[in-house]
Each structure stands twice: as C-alpha cells, then as structure tokens.
Amino acid sequence: MGFEPTMVTLDTIINGLCLEGNVDGAIRLVDHIENMGYLPNSFTYGVIIRGFCKVGDTAVAIRCLNGMEERLGCKLDVRAYSIIIDSLCKDGLVSEALNFFSEMTGKGKPLAAKELFFTMHKYGQHPNLLTCAILLDGLFKCQYHSEAMSFFKGLEKMNLDRNIVIYNILLTGMCESGKLNDAWELFSGLPAKGLKKDGFTYNIMIKGLCKEGLLDDAEDLLMNMEENGILANVHTCNIFLRGSLVRNDISRAIKYLQVMKDKGFPANPTNTELLISYFSSNKADNAFQEFLRKFI
C-alpha cells in the first residue's frame with residue numbers, strides 16, 4: 001500500500017518551496033496535486049500569494065487571488081490581502097494599491113478592506129473620501145457594527161472624518177441598529193465639530209425617531225430643519241407618512257398626504273402598499289377612503 005500524503009503535508013512542502021523562492025515549483029506541485037484529486041485550500045493559496053510577493057511578482061499574486069476566488073470559490077483570510085497591499089506599497093505602486101483596496105471594498109469584503117486601509121496608512125497612503133464612505137457603509141450593511149465603529153474611530157484619529165458624508169453613514173448605521181440615543185448625541189454634537197447638517201442628516205434622524213414611534217419629536221426636528229433653511233422633500237414626507245401609517249396615526253397620515261398632494265410628491269412603493277392595504281381593510285372610514293381616492 002502506497003503512502004497517501006495529507007493536504008497538511010502537501011501544504012508544508014509548498015510552503016518550503018515558496019520560502020526557498022521556488023514559487024514556480026510550488027505552482028507545479030499545486031497543479032499536480034489537483035490532478036491527484038486534492039483540493040488546495042485558502043492556506044495553500046495564501047502561501048503561494050506570499051511567495052509571489054516575496055520574489056517581487058505582486059501582479060501574479062493578484063491574478064492568483066482572483067483565479068482562486070473565481071475557480072474554487074475559496075475565501076482568503078485578511079492576512080493574504082494585507083500581504084498584497086504591503087508588497088504594492090513597498091514597491092511604490094500606490095495607484096495599484098488604491099485600486100486593489102477599492103476592489104476589495106466593492107466586492108463586499110469590508111473586513112478585509114478595513115485591514116488594508118490601515119496597512120496603507122502605515123505607508124502614508126490614504127484612500128479618498130468616497131472609498132472610505134463605501135467601506136464604512138459596507139461594514140454597517142454587513143452587520144459588522146463594532147468593526148464599523150472601530151474603523152470610524154481610526155478615521156477620527158487620522159483626522160479623516162471631517163465630512164458630513166461620513167457622519168451621515170454613521171448616523172444611519174446607529175439608527176438602524178437601534179442606537180437612537182447614541183445617534184442623537186452624535187447628531188447634536190456635529191456643529192461643535194465644524195460640520196453643517198444637510199437634508200440627508202435630518203432625514204436620517206427623522207426616520208430614526210419615526211421608527212421608534214417618536215412622531216412628535218420627529219416633527220419638532222422637522223421644524224428645526226426648516227428653521228435652518230432646509231425644506232422637507234419627498235423623502236421627508238414619505239418618512240412621516242410611513243411612520244404615521246405604521247403607528248395607525250391616520251390624522252397625521254392625512255396631514256402628510258395633503259402636503260405631498262400639494263407639492264406633487266408621490267408616495268414611494270412601500271407607502272403605496274400600506275395605503276392600499278389600509279384602503280382595503282378600513283371600508284368604514286369614509287373620510288379617509290375619499291381622501292385616498294384622490295391621492296392614489
């Protein structure tokens with residue numbers, strides 16, 4: 001009976017070849033073991049990627065990473081991505097490093113992108129505001145709330161947070177994760193940071209208040225918004241309409257429906273569904289039925 005090597009044994013040999021700088025030999029071995037029926041894993045490819053970067057062939061390392069993800073559906077750990085960014089920065093390929101970072105962010109790999117961000121910062125390279133915003137938003141949308149907050153803290157320390165776009169994303173993440181009090185504290189402190197609240201900022205907080213059923217507080221904030229020269233738009237009205245319908249506050253719903261009708265604002269698809277549902281299940285409410293006929 002012949003000796004059947006395990007994948008751990010084969011990975012050890014592949015790692016040894018890469019450490020000696022014989023990456024081509026390691027690749028040939030990977031191809032051979034695939035033909036033998038073995039399935040290389042993320043560790044195997046991580047070793048290969050590290051080997052290519054070590055001999056200064058980062059472009060091939062990136063192609064290897066992309067091929068692995070497309071062909072095998074493997075997912076590398078964060079270290080492999082950091083190795084590539086580290087290699088690109090060391091080689092002075094700043095543009096390529098930024099492109100790679102953006103690619104990881106766009107591919108829905110926010111945790112990897114977060115680590116890459118700080119690796120790049122070590123070399124004095126900073127992704128632009130848009131990329132930072134996409135990354136922060138991605139962390140929140142993937143439910144990595146603590147990671148999103150730690151990333152934001154990192155931006156603060158580097159003075160890269162001085163833009164209302166970053167705070168709008170942060171406020172949205174806080175409100176959607178039920179941290180309204182924290183969001184309100186942050187919102188209230190924006191002027192002290194030298195930041196001017198825009199319509200998006202107000203709508204985020206109004207939505208957060210409506211979601212918690214605090215419609216009176218939301219209307220107070222709306223008044224504050226308009227006093228500061230920002231008028232309610234179609235999104236603002238739809239937020240109040242949804243909040244009113246969900247809480248079965250029909251008089252308030254009619255109020256915002258009238259405002260929307262006067263301004264020519266349409267109800268969004270979600271609110272239209274809610275209105276039709278209410279229309280169907282409340283036949284006895286003649287006044288509201290009549291009003292809805294004019295609006296829908």
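Which residues are linked in a network of salt bridges? Asp216, Glu219, Asp249, Arg252 and Lys255 are.

1. Basis. This is a predicted model, in which local features need pLDDT of at least 70, side-chain atom pairs count only at pLDDT 80 or more, and totals for chains, interfaces and linings use all residues. Residues are numbered from 1 along each chain as its sequence is written, and side-chain values use heavy atoms, with hydrogens and water left out.

2. Salt bridges overall. The structure holds seven salt bridges. The term means a side-chain nitrogen of Lys or Arg within 4 Å of a carboxyl oxygen of Asp or Glu.

3. Glutamate 156 and lysine 153. These two form a salt bridge, with the closest N and O atoms 3.8 Å apart. They sit three residues apart in helix α9 (residues 145-157), so about one helical turn separates them. Helices are DSSP runs (H or I, at least four residues), numbered from the N terminus. Lysine 153 is partly exposed at 44% relative accessibility.

4. Glutamate 156 and lysine 193. Glutamate 156 also meets lysine 193 in a salt bridge, at 3.7 Å from N to O. Lysine 193 lies in the loop between α11 (180-188) and α12 (199-211), and glutamate 156 in helix α9, so the pair ties together parts 37 residues apart in sequence. Glutamate 156 is partly exposed at 24% relative accessibility. Lysine 193 is partly exposed too, with a relative accessible area of 30%.

Notes:
Helix = DSSP H or I, 4+ residues; strand = E, 2+ residues; numbered from the N terminus. Buried < 20%, exposed > 50% of the residue type's maximum accessible area, 1.4 Å probe, protein only.
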